[in-house]
Amino acid sequence: DAVAAADVTVSQAEQPFAVTAGLTDPDGALALIGLIEGRWSARACADVGIVQLCGTSPVVVLLEQTVGVRVDLAASGTIEGTFTAADGTPLGAAQISIGGIGYAASDDSGAFSVPGIPLGTYTVSASNPVSGRYAETEATLSFDGEVAAVLLVEERLGDVRGSVIGN
C-alpha cells in the first residue's frame, strides 16, 4: 500500500555527497528534480501504527532521464561508526557505503550514520578521497531499531617488487 507523508532522503554516493529530502504525497509518490547523474540511495521512513518503518534502495540517476525507485518499508536499523587512519587520526569527507544500498560521508571527526537499513548483514566500506586508501568490515542488523557500531581503519599501502625474465 502507498504510504503518504513518508520522510524521504536521497543521498549521493560520490563527491560532492549531495543530499535532498521531501515528503511523499497522498499517493506515496515524490519527485526530486535536477539530481546530479550517478549512484544515490533513497531512504524512506514513516510511522505505521505505533512503530516507525524504514527502507533503503539504491538508485542510479541518469542524465536527462527520469528513473523510478521503489522503497519497501520494513523493520530496519542504523549502521554508524568512525573511519580512521591506521594511526587513529579521524578521516573526514570519506565515502561510506553500506552494502551498496546506503551511502554517507564521514564528518570531520570521521563519524558517519546511515539509518533505515533493512535487517541483514552488510559489508561496510570506506574510501579516503585523499589517499585512496580503503577500509572494510561487516555489520549485522538483527532486530528493528538496532544500532550497529563499526570502526573502519584504513588499510596500509604495500609494495610489489619483482623481476621480468625473458627466454
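**Reading the strands, the disulfide and the cores**

Student: Where in the structure is Ser 76 placed?
Tutor: Ser 76 lies in strand S5, which covers residues 76–84; strands (E, at least two residues) and helices (H or I, at least four) are DSSP runs numbered from the N terminus. The model is a predicted one, in which local features need pLDDT of at least 70 and side-chain atom pairs count only at pLDDT 80 or more, while totals for chains, interfaces and linings use all residues. Residues are numbered from 1 along each chain as its sequence is written, and side-chain values use heavy atoms, with hydrogens and water left out.

Student: What makes Ser 76 buried rather than exposed?
Tutor: Buried means under 20% relative accessible area, exposed means over 50%, and partly exposed lies in between, with a 1.4 Å probe and protein chains only. Ser 76 has a relative accessible area of 6%, so Ser 76 is called buried.

Student: Which residues are in contact with Ser 76, leaving aside its neighbours within four places in sequence?
Tutor: Contact means heavy atoms within 4.5 Å, and the partners of Ser 76 include Cys 54, Ile 117, Leu 119, Phe 143 and Glu 146.

Student: Why is the link of Cys 45 and Cys 54 called a disulfide?
Tutor: A disulfide is a pair of cysteine sulfur atoms within 2.5 Å; the sulfur atoms of Cys 45 and Cys 54 are 2.1 Å apart, and therefore the pair meets the definition. The structure holds 1 disulfide, and with 115° about the S-S bond this link is right-handed. Cys 45, with a relative accessible area of 8%, is buried, and Cys 54, at 6%, is buried as well.

Student: How do you know that S1 and S2 pair?
Tutor: Two strands pair if DSSP finds at least two bridges between them; S1 (residues 7–12) and S2 (residues 19–23) are joined by 5 bridges and run antiparallel, so they count as paired. Val 8 stands opposite Gly 22 in S2. The two strands form a hairpin with 6 residues between them, and Phe 17 in the turn has a positive phi of about 55°. S1 also pairs with S3 (residues 38–48) in the antiparallel sense over 6 bridges, where Gln 12 stands opposite Trp 40.

Student: In what sense do S5 and S11 pair?
Tutor: S5 and S11 pair in the parallel sense over 7 bridges, with Thr 82 standing opposite Leu 151 in S11. They belong to an open sheet of 3 strands in the order S8-S5-S11, whose pairing is mixed.

Student: Which residues touch the most other members of the largest nonpolar core?
Tutor: A nonpolar core is a set of buried Ala, Val, Leu, Ile, Met, Phe, Trp, Tyr and Cys residues joined through side-chain atoms within 4.5 Å. The largest one has 21 residues, and Ile 79, Phe 83, Ile 96, Ile 98, Phe 112, Ile 117 and Val 124 touch the most other members. Apart from this core lies another, of 7 residues, among them Val 8, Val 10, Trp 40 and Ala 42.
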